[in-house]
Amino acid sequence: MSELASEPSAPGDHVVSRFVVHRHRARRLHYDLRLEMGGVLVSWAVPKGPTLDPAVRVLAVHVDDHELGHYDFEGVIESGYGRGDAIVWDWGMWAPAKTADPVRAVADGELHFDLMGEKVAGRFALIRSDPIRRDPRNWLLVHKNDEHAVRGWDPETLPRSVKSGRTNEEVAAD
Ligand code: MN
């Protein structure tokens, strides 16, 4: 089966791409988790931010894809829905787990993946779930109980940009 050996993304291969988490003070503070796939940044707005605590499930609202050029954006957004300021809160590489087709996994509403960032790492899952309102934008973000898990871990204790070392307040003032 020599054809199989040359397949670039056969099941089990690690397709590694970039991820970023922006800390975005808009009308409400939230974190934007963005995974590079299919030539865009597929994005979820996470009001409470990602956590390494495997006991916590946080809401992640699936929002519009962003262009790859937004990857390391840091600054003030003057107008529009996102009006406010944003920092590159974390960045690094990510790889899908249990699938070689993450675009399909997102369409199907369940994506398992590994993050390799400076603040967050380990196995996460995004699962489309809103049993009460049944809003298809509403997903849950969870961290598996792996060697990177930390009980009680709070993203707000690490407020500085991994790109510039600045806080949101410092970016807004500059
Ligand atoms: Mn945002």
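Q: Which residues lie nearest the centre of the largest pocket, and how many line it?
A: In this predicted model, 26 residues line the largest pocket, and those nearest its centre are His30, Asp32, Ala45, Val63 and Tyr81.

Q: How is such a pocket found, and what is its volume here?
A: Rolling a probe the size of a water molecule over the atoms shows where empty space is left. For the largest pocket, the volume comes to about 800 Å³.

Q: What classes of residue make up the lining of the largest pocket?
A: The lining has ten nonpolar residues, along with eight polar and eight charged ones.

Q: Which protein atoms are donors of the manganese ion?
A: They are ND1 of His24, NE2 of His30 and OD of Asp32, at 2.1 to 2.3 Å from the ion. Along the sequence these donor residues follow the spacing H-x5-H-x1-D.

Q: Are histidine 30 and aspartate 32 buried or exposed?
A: Both are buried. His30 and Asp32 are also among the residues nearest the centre of the largest pocket.

Q: Which strands does β7 pair with, and in what sense?
A: In a regular strand the side chains alternate between the two faces of the sheet. Here β7 (residues 110-117) pairs with β6 (residues 84-97) in the antiparallel sense over six bridges. Glycine 92 has glycine 117 in β7 as its bridge partner. β7 also pairs with β8 (residues 121-128), again antiparallel, over seven bridges. Aspartate 114 stands opposite arginine 123 in β8.

Q: How many residues lie between β7 and β8 in their hairpin?
A: Three residues lie between these two strands.

Definitions and conventions. Residues numbered from 1 in each chain as written. Predicted model: local features only at pLDDT ≥ 70, side-chain atom pairs only at ≥ 80, totals over all residues. Heavy atoms only, no water. Donors = N, O, S within 2.8 Å, 3.2 Å for Na, K, Ca; no water. Buried < 20%, exposed > 50% of the residue type's maximum accessible area, 1.4 Å probe, protein only. 1 Å grid on protein atoms, 1.4 Å probe; cavity = no way out; pocket = protein on both sides within 12 Å on 5 of 7 lines; lining within 4 Å. Points joined across faces, edges and corners; volume = space filled by probe spheres on them. Nonpolar A, V, L, I, M, F, W, Y, C, P; charged D, E, K, R; others polar. Pairing = 2+ DSSP bridges. Helix = DSSP H or I, 4+ residues; strand = E, 2+ residues; numbered from the N terminus.
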